[in-house]
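Hi,

Here is the structure I promised to pass on. Have a look at it first, then read my notes below.

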Amino acid sequence: LVFLIFPFAVLPYVEERFEVRFPHALPPMAGKVLFYRYGPPVESLLEECRLANSPLVILEEDMDLARSLRDRGYEVVFGRLAGDPAVLAGVQHARALVACAGDHANATCTLLARESGFAGPLYALANDPLYRLPMIQIGATDVFTPAHVLGAALASRASARINPPAEGMHMLGTKAGLAE
């Protein structure tokens, strides 16, 4: 019974007790790029920053993802922006800010950063293209819609390969149709 209790009860407690704690406030941000949340759309941008030796900080709200990012060598701050807006204290000195969360969280980050005095470039990613204009109006320098752009790029490549090009709607029967 002792052999079963140790790995399931004692070992996780010891790991949690002696784990290195994440900072809950931004470090000095002079010349650094702040990434709000991590995701596949910013993976290549993070790698480009790393190759260019550009200092960066990732503000992450998911503890498991924050641990993974720290293990990969990134400087990570753990905090929940909606619950503690003070986590953005010091953002006004950052070189740039990239928001890669959901549309509403990105809007919250944009508003809080601008209210904190951040005047640099603020780039946000939007899942829905309808959020582009409102996010620009509340302070984002530019808003990108990766899924929308990817879909357009794939459609343009498919159109060039379809011979003759698909134009308009063509009925393929009573239950299926083809549209570009």
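**What I found**

The protein chain exposes about 11,300 Å², and carbon and sulfur atoms supply 63% of that area. Keep in mind that this is a predicted model. Of the 180 residues in the protein chain, 32% count as buried.

Now for the overall layout. The protein chain has six helices and eight strands. Starting at the N terminus, the order of elements is α-β-α-β-α-β-β-α-β-α-β-α-β-β. If you take the contacts in the protein chain with a separation of 6 or more, 51% of them join residues 24 or more positions apart.

Strand β1 (residues 33-36) pairs with β4 in the parallel sense, over four bridges, and V33 has A96 as its bridge partner in β4. Strand β5 (residues 122-125) pairs with β4 in the parallel sense too, over three bridges.

Next, follow the chain from β4 into helix α4 (residues 103-115) and on to β5: together they make a right-handed β-α-β unit. α4 has 13 residues and reaches 18 Å from its first C-alpha to its last, close to the 18 Å expected at 1.5 Å a residue. Which residues of α4 are buried? They are D103, N106, C109, T110, L112 and A113. An α-helix has 3.6 residues a turn, so residues three or four places apart point the same way. What covers the buried residues of α4 includes β1, β4, β5 and α5 (132-137). Just after α4, have a look at G117, which takes a positive phi of about 100 degrees.

One last stop is T145, in the loop between β6 (142-144) and α6 (146-161). Is T145 buried or exposed? Its relative accessibility is 4%, and buried means under 20%, so T145 counts as buried. Leaving aside neighbours within four places in sequence, T145 is in contact with A126, D128, P129 and R132.

Happy browsing!

Definitions and conventions:
Residues numbered from 1 in each chain as written. Predicted model: local features only at pLDDT ≥ 70, side-chain atom pairs only at ≥ 80, totals over all residues. Heavy atoms only, no water. Helix = DSSP H or I, 4+ residues; strand = E, 2+ residues; numbered from the N terminus. Buried < 20%, exposed > 50% of the residue type's maximum accessible area, 1.4 Å probe, protein only. Contact = heavy atoms within 4.5 Å. Areas by Shrake-Rupley, 256 points an atom, 1.4 Å probe, with all protein chains shown as cover. Pairing = 2+ DSSP bridges. Right-handed = clockwise from strand over helix to strand, strands pointing away. Expected span 1.5 Å × (residues − 1).
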